[in-house]
Amino acid sequence: MLTLENISCSRDGNVLFKNLGFTLGDSCILIIRGENGSGKTTLLETVICLRKAQEGKILYANKDVSGNDFQEYCDIVHYIGHKSAIKPQLTVKENIEFWAGLKNNLQAVPAAVAFFGLKNYEDALCSKLS
């Protein structure tokens, strides 16, 4: 079981999240959604101990991972990065249209934009987003 208690993180003077907490049981899946720059990557980096939270604590199997159990936790946590499937020279909408077009499903583009909260970023170049 993984528990985050009152986790707070900031970046460049901006509070990304404050007093965040949740518990995940074995075999649970967590979906993290948010706008560009809202702290999704920072949260993941905090959970896997690549970044230290400014406040709060992370517990795994009811043990504080910042203490003596840090190495045990690190040994079981895995981070699998990905090569981005996004073309930085295209806009957000153009990227979505490309992938939707592969499935001959361009009518899904507006729904995808809405689902991922990208309405204000449709015309932004992906190279300008995090």
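The count of disulfides (pairs of cysteine sulfur atoms within 2.5 Å) comes to zero. Cysteine 28 takes part in no disulfide, and the nearest cysteine sulfur, that of cysteine 49, is 19 Å away. The model is predicted: local features need pLDDT of at least 70, side-chain atom pairs count only at pLDDT 80 or more, and totals for chains, interfaces and linings use all residues. Residues are numbered from 1 along each chain as its sequence is written, and side-chain values use heavy atoms, with hydrogens and water left out.

- Cysteine 28 is partly exposed, at a relative accessible area of 47%, where buried means under 20%, exposed over 50% and partly exposed in between (1.4 Å probe, protein chains only).
- Cysteine 49 is also partly exposed, with a relative accessible area of 23%.

**Aromatic pairs and a charge over a ring**

- Three aromatic pairs are found in a search of the whole structure; rings of Phe, Tyr and Trp (its six-membered ring) pair if their centres lie within 6.5 Å, and planes under 30 degrees apart count as stacked, over 60 as edge-to-face and the rest as tilted.
- One of them is the tilted pair of tyrosine 60 and tyrosine 73, with 5.8 Å centre to centre and 50° between the planes.
- Tyrosine 60 belongs to strand S3 (residues 55–60) and tyrosine 73 to helix H2 (residues 70–76), so this pair ties together parts that are 13 residues apart in sequence; helices (H or I, at least four residues) and strands (E, at least two) are DSSP runs, numbered from the N terminus.
- Tyrosine 60 is partly exposed at 30% relative accessibility, whereas tyrosine 73 is buried at 4%.
- Phenylalanine 98 and tryptophan 99 form an edge-to-face pair, 5.0 Å centre to centre with 80° between the planes.
- Phenylalanine 98 is partly exposed at 40%, and tryptophan 99 is partly exposed at 42%.
- The charged end of arginine 33 sits over the ring of phenylalanine 115, 4.1 Å from its centre (the criterion is NZ of Lys or CZ of Arg within 6 Å of the ring centre and within 35 degrees of the ring normal).

**Second largest pocket**

- The second largest pocket holds about 210 Å³ of space; on a 1 Å grid over the protein atoms alone, a pocket is an open set of points where a 1.4 Å probe fits, with protein on both sides within 12 Å along at least five of seven lines.
- A volume is the space filled by probe spheres set on the points, which are joined across faces, edges and corners.
- The second largest pocket is lined by 14 residues, of which Lys52, Ala53, Ile58, Val65 and Ser66 are the closest to its centre; lining residues have an atom within 4 Å of a point.
- S3 gives the largest share of this lining, four residues.
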